[in-house]
Amino acid sequence: MSQTIPLSQPSSNPRKIPSVVFFEHVGELVAQYGADPLLKQLNELYSKYKFMEAQLQRSKQVLRAKLPDITNALEMVEYLQSTQEEVKVDFQLSDCVWTKAEIPQTPSVALWLGANVMLEYPHEEAIDLLRKNLGNAESALESTNEDLKFLKEQITTCEVNLSRVYNYTVISRQGK
Amino acid sequence: MELESLNPQQLSIVKEQLDEEVEGLTNSFANLRHAVTKYKASKIALENIDQREILVPLTASLYVPGRIINPNQFMVEIGTGYYVEKTRVQSSEFCTRKMNMLMENMDKISKMINQKKRYLDLVQEIMRKKIQEFQASQH
């Protein structure tokens, strides 16, 4: 018979990631649930946490790459708004070819929003949008980092639980 | 290398080595092909440039309407961080030369890959023979 062993509990994490219950009395738990079911469910929980950690690492990299791009776009729009004359730029035509272009005074810029969508915005609105995106990306990065720290603690607790249960079974087998 | 004289364990080590080499070479081949595609795209872009109004990319997500100042003047990256000003014709020739060089290398690598694959087949054949001999000698 398999029962769900209480291995995790709700935590104070803002993203509602459950925290791992630390096994105070390994002997009692082994007696109550059996060593094998304990180890099996602990291992499952452990791999779930590891999987989540890998996911967060990936999204952290994506966010890290996006941040400089948004910052640069914001600076450019602010510069375009402030300048009164034509701007001459070197821009990348393709991977290894650059060329010069001149940008006349325009009231609006075009922002690529992703998914084949590009919208034209007047300078002010573009700056607002970019600032908002920058803020979102920064706070997403912060919460991802926070979650990663939290996950590391849970993974360590899980590992400790696993080794304690395993050692207990080894010792009790030797005792027999 | 005298393949016939090696026993099955040594042969399987040789096979693993060959597998790794083939994988490495195939990766290089894919990278070269990727680079060739990029130069091809550059050439097409060069040909389509004229004085019309375009959307100039200032960053990956920011575009502004503008005009190319001189449709005959381009800067080409000839090495990491080294840029040279060239005319349209010169830039196109540069891209063609680079593409040809890369395609030559691609040919060389694909020859090497085929050679290694043939060697690999040989090794596997000899392994199979050895195992059969071994099993036959057991009966």
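**A tour from Lys40(A)**

Start by selecting Lys40(A), which counts as exposed at 56% relative accessibility. Here buried means under 20% relative accessible area, exposed over 50%, and partly exposed in between, with a 1.4 Å probe and protein chains only. This is a predicted model, where local features need pLDDT of at least 70, side-chain atom pairs count only at pLDDT 80 or more, and totals for chains, interfaces and linings use all residues. Residues are numbered from 1 along each chain as written, chains are lettered from A and ligands numbered from 1 in written order, and side-chain values use heavy atoms, without hydrogens or water.

**Along helix α2**

A salt bridge needs a side-chain nitrogen of Lys or Arg within 4 Å of a carboxyl oxygen of Asp or Glu. Helices (H or I, at least four residues) and strands (E, at least two) are DSSP runs, numbered from the N terminus. Glu44(A) is partly exposed, at 41% relative accessible area.

**Across to helix α3**

Now select Arg131(A) and Glu78(A). They form a salt bridge, with the closest N and O atoms 2.8 Å apart. This pair links distant parts of the chain: Arg131(A) is in helix α3 of chain A, Glu78(A) is in helix α2 of chain A, and 53 residues separate them. Arg131(A) is partly exposed at 46%. Glu78(A) is partly exposed too, at 29%.

Next, colour residues 127-161 of chain A. The unreviewed UniProt entry places a "coiled-coil region" there. The span is 100% helix and 0% strand. Its end C-alpha atoms lie 51 Å apart. Then pick Arg15(A), Glu146(A) and Asp147(A), which are linked in a network of salt bridges.

**The hairpin**

Go to strand β3 (residues 87-94) of chain A. It pairs with strand β4 (residues 97-103) of chain A in the antiparallel sense, over seven bridges. Strands pair if DSSP finds at least two bridges between them. Find Val87(A): its bridge partner in β4(A) is Ile103(A). How many residues does the hairpin use to join β3(A) to β4(A)? Two.

**Chain B**

Finish with Arg67(B) and Glu53(B). Their salt bridge has its closest N and O atoms 3.7 Å apart. Arg67(B) lies in strand β2 (residues 62-68) of chain B and Glu53(B) in strand β1 (residues 53-57) of chain B, so the pair ties together parts 14 residues apart in sequence. Arg67(B) is partly exposed at 39%, while Glu53(B) counts as exposed at 54%. Over all chains, the count is 12 salt bridges.

Notes:
UniProt positions renumbered as here; feature names shortened; annotations may be inferred.
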